[in-house]
Amino acid sequence: MLFNSIEFALFLPVVFVLYWFVTQKGLRLQNALLIAASYFFYAWWDWRFLGLIVFSSSLDFWVGLRLAKTNKLNSRKGLLLLSILVNLGFLGFFKYFNFFAESFADAFTLLGKTMDPARLEIILPVGISFYTFQTLSYTIDVYRRKMEPTKDVLSFFAFVSFFPQLVAGPIERATNLLPQFDKERSFEYSAAVNGLRQVLWGLFKKVVIADNCAEIVDMAFADPSGHSGSNLLIGVLFFSFQIYGDFSGYSDMAIGMARLFGFNLKKNFAFPYFSRNIGEFWRRWHISLSTWFRDYLYIPLGGSRGSRVMQIRNVLIVFLVSGFWHGANWTFIVWGGVHALYFIPLVLLNRNRRYLKDITNTKTITWFKTGTQILVTFGLVTLAWIFFRAETLTHSIEYFEGLFSSSLWEVPTIINDLSSKLLVGFILFFIGIEWWGRRDEYAIETLWVDKPKWFQFGFYYSLTMIVFLFGGKAQEFIYFQF
Amino acid sequence: MEGKRRNLFIFNFDMKKFLKLSALFLVLVLVAIVAVFFQADGYSDPFYMRVATPKQNSLILGNSKAAQGLQPEVINSFSKADPVFNYSFSMVHSPYGPTYLNSIKRKLSEENETPGVFILTVDPWSISAPGSDPDNEDLFPENESFLNALTNVSTRPNFPYLLSHYKNSYAKILQKDTTAFLHDDGWLEIKINMEEAVVNNRISEKVTDFGKKMLEYQLSETRLSYLYETIDYLKQRGKVYLVIMPVHPEIRHIEEMYMPDFDGIIRKMAQEVTVPLFDMTRGSERFTFTDGLHLAPESGYEVSYKVGNWIERIVRRNPNSIY
């Protein structure tokens, strides 16, 4: 069930009404409703994989309780290891089995022996990377005694399966989201309106920006050798907006919807394309995943402590693993590697912690310098997206070859009809609004909120009609496959 | 206690205000959406009007060759009977099979006091299916199409179609792009650049495309039996005519390579089910095609005239025949 589908448009109000009008008398009843709704939401794709979520939830709930009962280090380590092995085992089997089998066979072929990879017809369960990391964060935090384990099974199951963020994040930390299931929620008008506003902006990003960009991106990537360099440049630029619109749009919708039910989810994107270096980009892009890797991988590896060599090793590991998390394909690993190469010079020059504050709070930087830094960072990120979007490494090399050919200076022909020209207009509007609202939680959070009610109403109405009239062909969210 | 009280009275001022404003917003959005849907017409897409016009008594059936090539207005000028309606879609949507037959049944009016006229166009693709198991109807591609999903093909606006199957952005409904126009009688009129070089380019693209298709497709006995079943069903409601539409000689050549015994299959069928057959592939070179497959409107007029004239002659010759 996609957020931008008719089924979901019917599902959400039904759950909302049941939540606030039928089950409001008891917290546990509300949580039970959320579990039922979330399982229904998930089963809409494939009910067979519900068992995986139930199993992971049961195991980690049990591990949490056991961790609370023992102080023996070995037992605690064993319990944590069990949770990690089982959760990553599922993830590894469903997502990476064929990749390893094929890579193993390829390695044999390189050694001069041919071998048929033992491929399995495995369907990737939607959202497995997201809920696995979410539930792992719970057992790790309980193990580290950062939080007390919950004794309420309903709260825990609702935390793992909460439908707004179940299939594509944000990857919530147990320390933030789980306690919210134990607290009584009350309906607040301003939070609900704020939530709907964020859902609307997320819909605009997804349906108008991402889905429309997808058509041009698909054309460019389908046949790189058949397009001029300038067309390929447009293709990858549009992909930058597609993936941002798609994923941050989903996150906005998830966060906004959670507000309707009285929950606060963490911010997942903070206007990453206005970053001035790669370090800042990674503090603003897919924040819930970046911080997950920071807290559960980078810091345990030693982080920025230790020798330069260790620092570089840690950065490299984190980026490669992060790339691999996105998909079982060498393209994602190279994408992670490229970002590591962008990032390592900043570590060596001690510049990776620069720009921790908002762009406009920095008074010493000139507009020219800031603008150049933003454009250079955006350019680097955009080039790396080629690996992310390409089907294979050969495909990405073909794309690069076409891009950096003499035809780069030709007039692009890929934007040739009214709808693609209109899309350019929408992208410019989108960039303008995002720039305007870059200090807020999301771009239109405070846009024109001081204007009369009828004006605000008119703006939201216009935006809704733009979403309805100019929405592109419905595409699945890109991050569902991860 | 405070918390409990608030819980019991959740329908508070905040909620009332939220629901009232949300409902108002939603109603205004729905009104605008419905207003846009009422504007949907022959410019909106190449299929919509066929599922948004009243039920019919007489139909032209087939794929896009018939959709663009047979003009009901011209054919109807030969007859005083119920006008024929072009209910042809495309190679993907309407090859002969369970989906198309069921959709035809839905499009036909319940009461048929006067016998209808049914012009069934056939080509090798209309009785073929892609993949290694062409006889397995569960694998037919049109199972996923709107023709299978729509239970109602005669209301305007057709909300299920517009909400779930309309492929363009809804802004297209408000534009009047004149490249393609689907007439109320089901004829799809295409107005595109007909300069020789451009047309030749389109023909060579189609030739390449069909060269690939012939490797993917195979004759489907299941489709063939559904074509028999369709004819049997329609014969109970009126007179059935089989037509093989003209195509560009290069496409014809591919079709002959792909299914050399196609003519024989159709001739045998026509004899078995006793329906007249009009093979228009001979003399195809006299017609103009937009891309080798589809007739240009002028040639479509000519072909429709010939079909209308052919039917009229048959009816005149055998006024009480079973045809």
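This briefing describes a sheet, a chain contact and some backbone features of the structure shown above. The model is a predicted one. In chain B, 5 strands form an open sheet with parallel pairing.

- Strands of a sheet pair through backbone hydrogen bonds, and the pairing may be parallel or antiparallel.
- The strand order in the open sheet of chain B is β2-β1-β3-β8-β9, and the pairing is parallel.
- At the edges stand β2 (84–86) and β9 (277–279) of chain B, each of which pairs on one side only.
- From one strand to the next, the twist averages 20 degrees.
- Strand β1 of chain B, residues 58–61, runs parallel to β2(B) and is joined to β2(B) by 3 bridges.
- S58(B) has V84(B) as its bridge partner in β2(B).

**Helices against the sheet**

- Helix α12 of chain B, formed by residues 262–272, lies across β8 (238–244) and β9 of chain B.
- The direction of α12(B) is at about 165 degrees to β8(B).
- Helix α13 of chain B, residues 297–317, also packs on the sheet, where it touches β3 (116–121), β8 and β9 of chain B.
- Between the directions of α13(B) and β8(B) the angle is about 135 degrees.

- The size of an interface is often given as the accessible area lost when the parts come together.
- Chain B contributes 29 residues to the contact, and chain A contributes 27 residues.
- There are 0 salt bridges between the two chains, while 4 residue pairs are in polar contact, both residues at pLDDT 80 or more.
- On the side of chain B that touches chain A, the elements giving two or more residues are α1 (2–8), α2 (13–38), α7 (159–165) and α8 (171–174) of chain B.
- Helix α2(B) provides the largest share of that side, with 15 residues.
- Sorted by class, the side of chain B that touches chain A holds 19 nonpolar, 6 polar and 4 charged residues.

**Backbone features**

- Most residues other than glycine have a negative phi, and most peptide bonds are trans.
- P157(B) is placed in the loop between α6 (146–149) and α7 of chain B.
- F271(A), not a glycine either, has a positive phi of about 55 degrees.
- The location of F271(A) is the loop between α9 (229–260) and α10 (278–284) of chain A.

Definitions and conventions. Residues are numbered from 1 along each chain as its sequence is written. Chains are lettered from A and ligands numbered from 1 in the order in which they are written. This is a predicted model: local features need pLDDT of at least 70, side-chain atom pairs count only at pLDDT 80 or more; totals for chains, interfaces and linings use all residues. Side-chain values use heavy atoms; hydrogens and water are left out. Two strands pair if DSSP finds at least two bridges between them. Helices (H or I, at least four residues) and strands (E, at least two) are DSSP runs, numbered from the N terminus. Axes are lines fitted to C-alpha atoms, for helices over the stretch in contact, and angles run from 0 to 180 degrees between N-to-C directions. Contact means heavy atoms within 4.5 Å. A salt bridge is a side-chain nitrogen of Lys or Arg within 4 Å of a carboxyl oxygen of Asp or Glu. A polar contact is a pair of N or O atoms within 3.5 Å; within protein, one must be able to donate a hydrogen and the other to accept it, and residues adjacent in sequence count only if both atoms are side-chain atoms. Ala, Val, Leu, Ile, Met, Phe, Trp, Tyr, Cys and Pro count as nonpolar, Asp, Glu, Lys and Arg as charged, and the others, Gly among them, as polar.
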